[in-house]
Amino acid sequence: MLTQSAVDSDSSKRSKTQSLSRITPNRLSGTMEFLGTLMSFPRNTEVYSEGEPADYFYKIVSGTVRTSKVRIDGRRQIGGFYLPGDIFGVEVGEEHAFSAEAISDCQLLLINRSRVMARAAREGAVARELWTLIGLELERAQDHILLLIKSAPERVASFLLEMAGPASEGNTIELPMTRQDIGEYLGLTIETVSRTFTHLEATAAIEVHSRQIVLRNRSALRRLNA
């Protein structure tokens, strides 16, 4: 596990003029990117743990991250999946409410929270971006709560559309997460997830090739997601 002290040590060794692989942010203007340091996290590496000080925000340059919490009964609840361009680890409090793990090999831009707060106090653009981040995380949490009261087909359809994205090119998506991950995100058993995929394939809404999903009828999925 990489601790925050290890991150701080690594960050201090990096040049402030290091060239980063830039991507087009899918949600924000990217003002805060310039306060970040690029780091690599191998597959299945913990990025941070629940209860750890929330000293950084994290922007995904490549790879996929999941956030999760272990409940009192020992079961795991996945809070969200984050894809390239997404920012995660944004907390209202001083500690992380969930743990975060790299599902695949990841490159993450670590953005120091205290530096952002200091800039936000002086610069309106950074303050607005910070409030937008907080608002997006609250919206994501609310959407997830509403998702969990839907039927299994509605939950799976909503998940597939979320993974495809509103501006996705083409109809084929690669799911880096396992069926168990999907079930723990949607509040379903693995068996229910598999049966629902089979049902949606039988109705010609999707075509399943292991972790590759072809969206054959987005309109049918949107009707389920309505």
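This is a predicted model: local features need pLDDT of at least 70, side-chain atom pairs count only at pLDDT 80 or more; totals for chains, interfaces and linings use all residues.
**The three-stranded sheet**

The S9 and S11 pairing belongs to an open sheet of 3 strands, ordered S9-S11-S10 and paired antiparallel. Strand S9 (172-174) and strand S10 (206-209) form the edges, each pairing on one side only. From one strand to the next, the twist averages 20 degrees. A helix also belongs in this picture: H6 lies across S10 and S11, and its direction is at about 130 degrees to S10.

**The protein as a whole**

Stepping back, the protein has 7 helices and 11 strands. It contains 226 residues, of which 46% count as buried. Among contacts with a separation of 6 or more, 72% come from residues 24 or more positions apart.

**The four-stranded sheet**

Which order do the strands take in the open sheet of 4 strands? The order is S2-S7-S4-S5, with antiparallel pairing. Here the edge strands are strand S2 (46-48) and S5, each of which pairs on one side only. Ignoring direction, neighbouring strands of this sheet are turned by 30 degrees against each other on average.

Two of the pairings can be followed residue by residue. S4 and S7 pair in the antiparallel sense over 4 bridges, and valine 65 stands opposite alanine 102 in S7. S4 and S5 also pair in the antiparallel sense, over 6 bridges; there, threonine 67 has glycine 80 in S5 as its bridge partner. The hairpin of S4 and S5 has 5 residues between the strands, and glycine 74 takes a positive phi near 95 degrees in it. Although S5 is an edge strand, 6 of its 7 residues are buried, so S5 is largely enclosed by the rest of the structure.

| Residue | Strand | Relative accessible area |
|---|---|---|
| Glutamate 101 | S7 (residues 99-102) | 13% |
| Phenylalanine 41 | S1 (residues 36-41) | 1% |

Leaving aside residues up to four places away in sequence, glutamate 101 touches Thr45, Glu46, Val47, Thr64, Val65, Arg66 and Ser68. Valine 65 also gives a reference point for phenylalanine 41: the two are 24 residues apart along the chain, and their C-alpha atoms are separated by 10.0 Å.

**Helix H5**

Is H5 largely enclosed or open to the outside? Of its 8 residues, 7 are buried, so H5 is largely enclosed by the rest of the structure. The buried residues are Arg179, Asp181, Ile182, Gly183, Glu184, Tyr185 and Leu186. Their cover includes strand S4 (65-70), S5, H3, H4, H6 and S10. After H5 comes glycine 187, with a positive phi near 70 degrees.

**Helix H3**

Helix H3 (residues 124-147) has 24 residues and spans 34 Å from its first C-alpha to its last, close to the 34 Å expected at 1.5 Å a residue. Its buried residues are Val126, Ala127, Glu129, Leu130, Leu133, Ile134, Glu137, Arg140, His144 and Leu147.

What do the buried residues of H3 pack against? Their partners are strand S3 (56-62), strand S5 (76-82), strand S6 (87-88), helix H2 (113-122), helix H4 (152-164) and helix H5 (179-186).

**Where H4 meets H6**

The axes of H4 and helix H6 (residues 190-202) come within 10 Å and cross at roughly 80 degrees. On the H4 side, the residues in contact are Ala152, Pro153, Val156 and Leu160, and they meet Thr192, Thr196, Phe197 and Leu200 in H6. Sorted by class, this contact has 6 nonpolar, 2 polar and no charged residues.

Key
Residues are numbered from 1 along each chain as its sequence is written. Side-chain values use heavy atoms; hydrogens and water are left out. Helices (H or I, at least four residues) and strands (E, at least two) are DSSP runs, numbered from the N terminus. The expected span of a helix is 1.5 Å times one less than its number of residues. Buried means under 20% relative accessible area, exposed over 50%, partly exposed in between (1.4 Å probe, protein chains only). Contact means heavy atoms within 4.5 Å. Axes are lines fitted to C-alpha atoms, for helices over the stretch in contact, and angles run from 0 to 180 degrees between N-to-C directions. Ala, Val, Leu, Ile, Met, Phe, Trp, Tyr, Cys and Pro count as nonpolar, Asp, Glu, Lys and Arg as charged, and the others, Gly among them, as polar. Two strands pair if DSSP finds at least two bridges between them.
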